[in-house]
Every structure is written in C-alpha cells, then in structure tokens.
Amino acid sequence: YQAQLPNIRIHTNRWIPDGRVYPRLIPILHAPTLMKTSVIKTHQMLGAKFAIRAGKLYRKPVIFRQGFMWSANEASLYQYDVDHPRIQHIRRVEEYVWSQSTRIIVTSHEMKEDIVERLPEVVGRVYVIPNNIDTTLFRPMNLEKTYDLVFVGRLEKMKNLFALIDAVKRLPNVSLLLVGQGALKYEILNAIRPIQDRVTYYDRVPNEQLPHIYNQARVFILPSLYEGMPKVLLEAMACGLPVIGTNVRGIREVIQHGKNGWLSDTNSDGLLGAIETVLAHPQLQHRLGQIARQTMLDHYSLGKLANREYELVCDVVDNPSS
C-alpha cells in the first residue's frame with residue numbers, strides 16, 4: 001500500500017508476535033509518530049481504548065468514528081437482553097470511549113440519538129457523516145438481468161437470511177444470487193439445497209467486480225434484523241437498483257418507502273409480499289432505481305462526505321480542546 005499511497009506513512013506491527021499484546025503497546029511502540037501527529041483517529045470500537053490511551057499520553061485530540069452500535073449489534077446477533085453481562089460490559093466500553101473522544105462520528109441519526117440518550121454530555125461532540133460510495137465505480141450498467149434478486153453481505157444471524165430463503169422457496173419463479181462469507185455459510189448452503197436450481201452462490205467477489213454483480217439483478221434485497229449504515233445497500237442504490245430493505249435501524253434511515261426503495265417486515269411473509277410487489281411492477285422498479293441513484297449522488301457520494309470529514313478534522317486541529 002505504501003507505493004500506492006505516497007503521501008501516507010503506514011506503521012505496522014514489526015515487533016510483537018502476539019496479536020493480543022500489540023494493541024496495548026501501540027502508544028509506546030509508535031511513540032515518535034504519535035508525539036508528532038496533530039490528531040489521532042480511530043475507526044472502530046474494538047481497540048478504540050488504545051487510541052484514547054495514546055491521546056491522553058501525548059495530549060492529542062482523538063476523533064472516534066463508529067459505523068454501527070456494537071452493543072446493539074451484539075444483542076441482536078446473540079439475542080442478549082440489555083442486562084446480560086456481556087452487553088453491560090460492551091456498553092461500559094462504549095460510554096468510556098464516547099466520553100473521552102474529542103469528536104464522535106457516527107453514520108446515522110439514530111445512532112446519534114442513542115448515544116446522546118445514554119450520555120447527554122457529549123451531544124455537542126457527535127456528528128453524523130454517513131458511509132460514502134464511489135458513485136463512479138458503483139453505477140448503472142446496461143447488463144442483462146440474469147437474476148431476480150441479489151443479496152451481498154456477511155452470512156451471519158443478523159442478516160436474517162433464513163427468512164429470505166423461506167420467502168424465495170414460496171415464490172417458485174424467483175431466482176436469487178447470494179454473495180458473501182460467514183459463520184452460517186454451510187447452514188445456508190444446506191437451506192438452499194431444495195431450490196438450488198434457482199439460487200446461485202458466490203463465496204467471494206472482488207470489490208471492483210461488485211458493480212457487475214449488482215447490475216445483473218432486477219432487485220437488491222437486504223433482510224437484516226439490524227444494521228449500522230450498510231454499504232452494500234448504498235452500493236446497490238448507486239448502481240440504480242430498486243432495493244428492498246427491512247424496516248429496521250440503519251436501513252430505514254436510507255430508504256424512503258415507496259420513493260427510493262421498499263421497506264418490509266423482517267419475517268418471511270413480509271419479505272415475500274415486498275418481493276412480489278416490486279417484481280410485479282417494472283415501472284415501480286424503474287422509478288425506485290432512478291431515485292435511488294440520485295439519492296446516492298446527492299447525499300452519499302465519496303467526494304461530498306470526504307469534504308465534510310476533512311472539515312471536521314481541520315476544526316479539531318484548530319480547536320483541539322473544544
């Protein structure tokens with residue numbers, strides 16, 4: 001990457017073979033760089049406490065960016081309630097990181113509301129900057145529509161794929177393209193066995209080939225139980241696809257039902273109804289796809305959101321203690 005990014009210096013672990021120990025020593029091992037930097041920025045909750053530690057040690061402002069709510073994701077994934085010891089531990093970590101960060105970037109207004117509700121004193125430090133999309137890479141293409149539906153994402157419980165598969169089983173003429181890896185891979189392959197003539201599965205697709213994947217389908221579908229700000233949804237919309245998403249946090253902030261996409265319940269009946277409705281109306285597909293593409297150009301393009309983040313970093317450099 002150093003050759004591709006000549007203006008960016010990359011520092012890696014060259015000393016500690018134990019991956020659990022190295023993060024704890026980052027503030028010491030990379031001291032010369034950290035002392036000279038103006039801002040420390042971290043992009044996920046896992047490991048953020050080490051960035052906070054470095055900020056305190058060298059008196060540097062820290063920008064923390066969070067793509068999804070770790071505690072809510074964990075609770076949804078494992079069906080824990082808020083009082084479960086693991087969720088309580090994660091919530092304490094979250095609140096510590098928020099309280100110690102100079103600025104907090106989140107990808108949705110719902111996430112900001114959750115943070116402020118739990119930690120009101122950080123309200124002036126939380127900024128919403130959604131995930132961005134390279135709309136020159138992810139764009140409409142004049143390709144033959146080989147599949148009715150396409151799903152791209154991790155094969156995990158929170159993606160609610162068994163409900164989607166059940167819906168497709170009850171729609172005898174609908175074809176599905178599944179793309180992704182994850183813990184449920186073999187369970188999902190077993191579940192699609194009865195309809196394997198209508199389902200195509202790709203284990204892994206390089207990012208630069210994803211636009212071709214999206215453009216081979218009539219409709220993109222994301223049946224998740226929970227999301228932060230799903231990039232696959234934004235990518236599909238940037239490709240001009242009509243999209244179906246479940247009416248859950250992270251998805252409903254992007255999709256305006258009946259305008260730039262279609263919202264459904266998370267159960268298989270709700271997904272079935274949404275699929276039937278959208279696939280049965282080509283004019284609806286065309287309109288949803290056009291407005292979806294324009295939504296990405298207007299609000300989620302890489303250039304516009306990169307400028308917003310750059311301005312925030314500049315503000316922190318100029319006002320490190322505010």
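This is a predicted model: local features need pLDDT of at least 70, side-chain atom pairs count only at pLDDT 80 or more; totals for chains, interfaces and linings use all residues.

Modeller: Residues are numbered from 1 along each chain as its sequence is written, and side-chain values use heavy atoms, with hydrogens and water left out. Helix H1 (residues 22-29) packs against helix H3 (residues 48-58) at an angle of about 20°, their axes lying 9 Å apart; helices here are DSSP runs of H or I with at least four residues, strands are runs of E with at least two, and both are numbered from the N terminus. Axes are lines fitted to C-alpha atoms, for helices over the stretch in contact, and angles run from 0 to 180 degrees between N-to-C directions. H1 and H3 are therefore roughly parallel to each other, a term for angles under 35 degrees. The contact (heavy atoms within 4.5 Å) is made by Pro23, Arg24, Pro27 and Ile28 of H1 together with Phe50, Arg53, Ala54, Leu57 and Tyr58 of H3. By class, this contact has 7 nonpolar, no polar and 2 charged residues, where Ala, Val, Leu, Ile, Met, Phe, Trp, Tyr, Cys and Pro count as nonpolar, Asp, Glu, Lys and Arg as charged, and the others, Gly among them, as polar. Turning to the sheet, 6 strands form an open sheet in the order S7-S6-S5-S8-S9-S10 with parallel pairing, pairing being assigned if DSSP finds at least two bridges between two strands. Its edge strands are S7 (199-202) and S10 (262-264).

Technical notes
Angles under 35 degrees count as roughly parallel, over 145 as roughly antiparallel, 65 to 115 as roughly perpendicular and the rest as oblique.
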